[in-house]
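Look at the sequence and the model first.

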Amino acid sequence: MTDAEAGVAGGARAGTVTVACVQMRSGRDPAANRDAALRMIAEAADAGATYIQTPEMTGLVERRRDSLMEKIFTQDEDPLIAAAQELARRRRVTVHLGSLAVRNGERVANRAVVIGDDGEILATYDKIHLFDVDLPNGESWRESRTYSGGDVAPVVATPVGAIGVTICYDLRFPYLYRALAGAGATILTAPACFTRQTGAAHWSVLQRARAIENGAFVISAAQGGEHEDGRVTYGHSIIVDPWGQVLAEAGEEPGVLLAQIDLAAVAQARQRIPSLTHTRPFTVRRAGRAGD
């Protein structure tokens, strides 16, 4: 049995389960963001979701580095993580905090935290690919000035399946998702704070592509709307099946997005298109002559 095949069977409940994205419009007040996140996680649990994911930067969306550093905590001290652990334990749900800004010495980690239904932290992930870009509309982003990138991508065994954890800009690096699927992931995730401009152009097609390429579910909660720090995000939290069908997609407003998934669809998709088993090593060679 390959790692990819093992991921279909490992740690997953048989049959259909309900999963949820919590779409937010986080602002500059960590306490208000925490209350909003916890309220919608509880709402998702009330609706029957057993896996609930929040977006990138759940706890704080703050452009200014000095203000950011004043309001964030270490992982062990973060009140949102502690409250989410208690809620996960009490409601017996898996809570995936899509990411938080976490103090890491003089730097900051953009960190996902996956919490099991017993309230224990199953895994963390620090965003690998940092968003350093200049957009045509004049927006400029330099995440590397504040954040330190990670170098380990986890596949997390949960009651709903083996979850491959990524964040936002990682979505543009398909080799990361192929590696996660090859290591057994049946559900891929990319919670985000996508800009409206890039989201309108690429969000949906990239989510569907990652699902199709790897025969996996993709679940990605998002920030949406106009934030207090001036940025505008795309929203459109999305849940995609392994054949690339969009099971549920939000608009721009905050709220809870629900869908039912059945991991049997992963095995079916990978049997129909067994590309994970067809990967072969190759060499790229430059050829031809440059023009005068």
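The text below goes from the sheet to the cores and then to one residue.

The model is predicted, so local features need pLDDT of at least 70 and side-chain atom pairs count only at pLDDT 80 or more, while totals for chains, interfaces and linings use all residues. Residues are numbered from 1 along each chain as its sequence is written, and side-chain values use heavy atoms, without hydrogens and water.

An open sheet with mixed pairing is formed by six strands, in the order β8-β9-β10-β11-β14-β15. Strands are DSSP runs of E of at least two residues, and helices are runs of H or I of at least four, both numbered from the N terminus. Two strands pair if DSSP finds at least two bridges between them. β8 and β15 are at the edges with a single partner strand each, so one side of each has no neighbour in the sheet. β11 and β14 pair in the antiparallel sense over three bridges, and V218 has V240 as its bridge partner in β14.

Helix α5 packs on this sheet, touching β8, β9 and β10. Contact means heavy atoms within 4.5 Å.

| Element | Residues |
|---|---|
| β8 | 155-158 |
| β15 | 246-249 |
| β11 | 217-220 |
| β14 | 238-240 |
| α5 | 174-182 |

In the largest nonpolar core, which has 44 residues, I187, W203 and I239 touch the most other members. A nonpolar core is a set of buried Ala, Val, Leu, Ile, Met, Phe, Trp, Tyr and Cys residues joined through side-chain atoms within 4.5 Å. A second, separate core has 23 residues, including M24 and V93.

T18 lies in strand β1. T18 counts as buried because its relative accessibility is 15%; buried means under 20% relative accessible area, exposed over 50%, and partly exposed in between (1.4 Å probe, protein chains only).

Note on methods. Axes are lines fitted to C-alpha atoms, for helices over the stretch in contact, and angles run from 0 to 180 degrees between N-to-C directions.
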